[in-house]
Amino acid sequence: MAEERFDRATAPSTRLRSARRIRHVLGAACGAVIALLLVEVLVSVAMRYLFGSALFGADEAALWLFQLLVALGCPLAVEGALAMRFDFVTERLPPAGRRLAALVADAFVLAAAATLLGGGALAARAIGGLSPALGLPEWLRPALMAAGGATTLLLLVLERSAAGRLPRLLASALMVAGMAGLAFGLGPSAGLAPSLAAGLLALLGLLAGAPLPHLLLASAAFADGFGGALPPPALVATTLSGVAKFLLLAVPFFLLVGSLLSDSGAAGALVRFAAALVGHRRGGLAQTTLLTSVLFSGASGSSIANAAFGARTFAPQLAARGYAPAEAAAIVAATSTLDNVIPPSIAFLLLAAATDLPIGRLLALGFVAGGVMAAMLAVAIALRAREGDRQPRADAGERRAAFLGALPAFGLGAIVVAGIRFGIVTVTEAAALAAGYTLLLALGGRIGWRALGEAFTEAGTGAAAIGLLIGASAPFAFLLAVDDAAGAAGALASSFGDGAWQVLLAANLVLLVAGLVLDIGVAILLLGPILVPVVAAAGIDPVHFGVLLVVNLMTHGLMPPIGILIYVVAAVTKLPPAALFRAVLPYLGALLVALLILSVGALLVAA
Amino acid sequence: RPARAATRLTVASLLGRDKPETLIWRHVAEKVEAALPGAFAFNIVPNAALGAEREVAEGLRLGSIQASLLTVASLSAWAPDTQILDLPFLFRDPAHLKRVVSGDLGTVIKARLAAERFAVPAFVNYGARNLIAKAPMLRPEAVRGHRIRVLQSPVHAALWQAFGAYPTAIPIPETYNALQNGVVDMMDFTKSAYAGFRLYEVVPVTTETRHIWASGVAAFSAPFWDGLEAEKRAALAAAVTEGATYFDDLVETDAAAAMRKAQEAGGSLVQPEDLGEWQRIGRSVWPAFAGAVGGLDRIEAIAAA
Ligand code: NA
Ligand code: NA
């Protein structure tokens, strides 16, 4: 009798333990990959400067490691903050509605995992070829994604059955079959553009609170039924190529800098110094957060890294000074938009590559635009400052001590700025050097092995989730490109008239709407080449418009549904994204005012 | 003849709407429309919106893209013997290259690519690659000890190693910054791509070494190509063959315009000295690739053709 009860009680918890073990192993593997990536990039920098020789194939090896990272982290991105679930609607539903939404959400995860598994396996058979520098067989990459899909399915089954929800998972599986039947049965005669069908399906998944990367993958897969040009093997290959972007390699390193800085105590020292300078003002720490974000932006090219750093470093401190946690997180998210406007900037690199605009002028104007945005944010922060966010004015001795304490953290900025600006390393290498330097700081601060492991695991799983999201938006971008969504956007930009202000207004509106459904990088690559010539023909300096385009799209980091900066900050602070989307509204307003000022400025210069 | 549904094909171009890489497909579409009205519906997607070259090549194999121009460098991952067209100082001029790809070697390469699921009706010539740097690189010794940005291709890496330089494969979006900052000191490129990426702003001096003629192919997805009715396939093949000549002419015009643009912005073009020594060092990498491309005899025969 007792034994029987024992059996029944352990059966589910065994499954739960297996699931936990799998998660643990995958997380540790992600951390190990980041460590390897760091060593690899640092060694290639050292080879170049100590021995004068380049490590040929180093960049290819780094890209392979990043794709391995995404495949390993893919199953972890289903649950928790990394899932980037849009919870705005589901949290308002009655219990029955929530249960149904959960079924639909799981259906999207199942469909995405099945697509990765099936499409990855087919692509592994068909892709052929060897990698150019290392001569590795290319089939390994889709095979890794297939393994990622299989592990996602396994984890989902283990965890749902441990929670006694296997029957509901079966209902979700039936839903997938039904949706596939509808898409592939009625799709061809529906006369719906594949990208539009994918968009509508994605909207459904979004409202149901499905994880963002999985709903993008699943929707693109179903859209194949509507005459879509992207069969599953090509979908997986497109996802992989979305992940394999050299510039993305900076992301895990800057995430690592963020975790290790906090662990080493250097971040605390930086905050103390900033507080000693401006802490006595109204909203002192919030203004410090802004100032630090500006400084960080001058060193980093990734708003996502900036958001992760700020969320770890400042959000808890702001909350401790009386800000509501969501407001603190919103300030961090809003200030991190600056990173892609103040050079160096990944966004400007992408835009220059896609449009032939001169990068030098883009970057110079980025400083101006970043200044206007920072000023508007400073006003918004001052207006909303908490009384408690103010401290006694520091005297000269305290400031000096705080300055000396913060020197190691300044060293970090010096490495990155000097590295990139004065011609020693690429952006990715600068990020790796920053991570290596912070690792030394953390080791000097006697960080424990456990905390060190956790920092690598956290950076690894975070970077994997971000990489998966960027990869998952690539099939979507492909469908939009095939349906010439960009051409339609160009026609729209001329729809209010051919005058300078009409075209600029229309182009801004097109960007504001397109940014709702497109990843920022994807939107730049897709819309930049279309809109820049249209706006230039209306008499506006194309470089001015290029800067406006980036500023405009960066505000989408704060807007639902895709608002990546909100999801990153939510992931770090463990707050619900919906609360952050609400709290960020005043700061979003400030950035839109900055966009208006910059647009008027561009018109005045053109006139 | 009964009305048939038009065969839809998605065509990828890496560059803008007004570049030869895109214009060739508009030309092909017009030619087949004149020959077989309503037979094909071309969807030409420019600006690398469907991915970079490698991804486009994968798309042809996996069924998401039906046609594109592809460089020989990108195809060597599947068919290493195509690298023969990328060997340094092998071809004297465009006519020499055209003669060779129209002959037996062209037939061999087409068959090789067909086995790798790329149907190739015609070869194209993107123009000569030249050495570009902040200063003139007149003699081979000038290259020694410098870091050079190269394509991710073994031939290109071996070539610059032979000159005593350090090849570094940097992706094109990072190349401008890397050159500006001195992460690398120089690179090689065709004239029109050099101007297209505004690289004259950071590396203003082109030394006209013409060390490699960048060859490519007009490629179709083999399952798509093989599935066409004979009449349609013949019309398409004829249009693409004519389009390739049209492309080669456009590239020459574009290169001249590109160099004018570069020179207006302060760029300059210089001629290398002691070309014989450049050729001797460049050709020293031939034996290392002879095994992969069908033997040194074949290389020598092409050089003499
Ligand atoms: Na920030
Ligand atoms: Na920045």
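The legends below describe close-up views of a predicted model. Residues are numbered from 1 along each chain as its sequence is written, and chains are lettered from A and ligands numbered from 1 in the order in which they are written. In this predicted model, local features need pLDDT of at least 70, side-chain atom pairs count only at pLDDT 80 or more, and totals for chains, interfaces and linings use all residues, while side-chain values use heavy atoms, with hydrogens and water left out.

**View 1. Domain 1 and domain 2 of chain A.** Domain 1 of chain A spans 10-244, and domain 2 of chain A is made up of 248-447 + 483-606; the bounds come from an automatic or database domain assignment. Taken over C-alpha atoms, the centres of the two domains are 28 Å apart. In contact (heavy atoms within 4.5 Å) are 27 residues of domain 1 and 28 residues of domain 2.

**View 2. The interface between the two domains of chain A.** About 2,100 Å² is buried between domain 1 and domain 2, 76% of it on carbon and sulfur atoms; buried area is the accessible area (1.4 Å probe) that two parts lose on being put together, summed over both. Helices H1 (2-50), H2 (58-73), H6 (194-207) and H8 (232-243) of chain A each supply at least two residues of the domain 1 side; helices (H or I, at least four residues) are DSSP runs, numbered from the N terminus. H1(A) gives the most to this side, with 9 residues. By class, the domain 1 side has 19 nonpolar, 3 polar and 5 charged residues, where Ala, Val, Leu, Ile, Met, Phe, Trp, Tyr, Cys and Pro count as nonpolar, Asp, Glu, Lys and Arg as charged, and the others, Gly among them, as polar. The count of salt bridges between the domains is 0; a salt bridge is a side-chain nitrogen of Lys or Arg within 4 Å of a carboxyl oxygen of Asp or Glu.

**View 3. The interface between chain A and chain B.** Here 51 residues of chain A are in contact with 41 residues of chain B. The two chains bury about 3,700 Å² between them, 57% of it on carbon and sulfur atoms. On the chain A side, A:Phe56, A:Pro132 and A:Asp356 lose the most area to chain B, together 15% of what that side buries.

**View 4. A salt bridge between the chains.** Chain A and chain B share 2 salt bridges. In one of them, the side chains of A:Arg141 and B:Glu58 meet at 2.9 Å, N to O. H8(A) supplies the largest share of the chain A side, 4 residues. That side divides into 33 nonpolar, 10 polar and 8 charged residues.

**View 5. The sodium ion (ligand 1).** The ion is coordinated by A:Ser293 (OG), A:Asn306 (OD1), A:Val332 (O) and A:Thr335 (OG1), at 2.6 to 3.1 Å. Donors are N, O and S atoms within 2.8 Å of the metal (3.2 Å for Na, K and Ca); water is not among the atoms, so sites may look incomplete. Along the chain the donors follow the spacing S-x12-N-x25-V-x2-T. A:Ser293 lies in helix H11 (residues 284-297) of chain A and A:Thr335 in helix H14 (residues 325-335) of chain A, so the pair ties together parts that are 42 residues apart in sequence.
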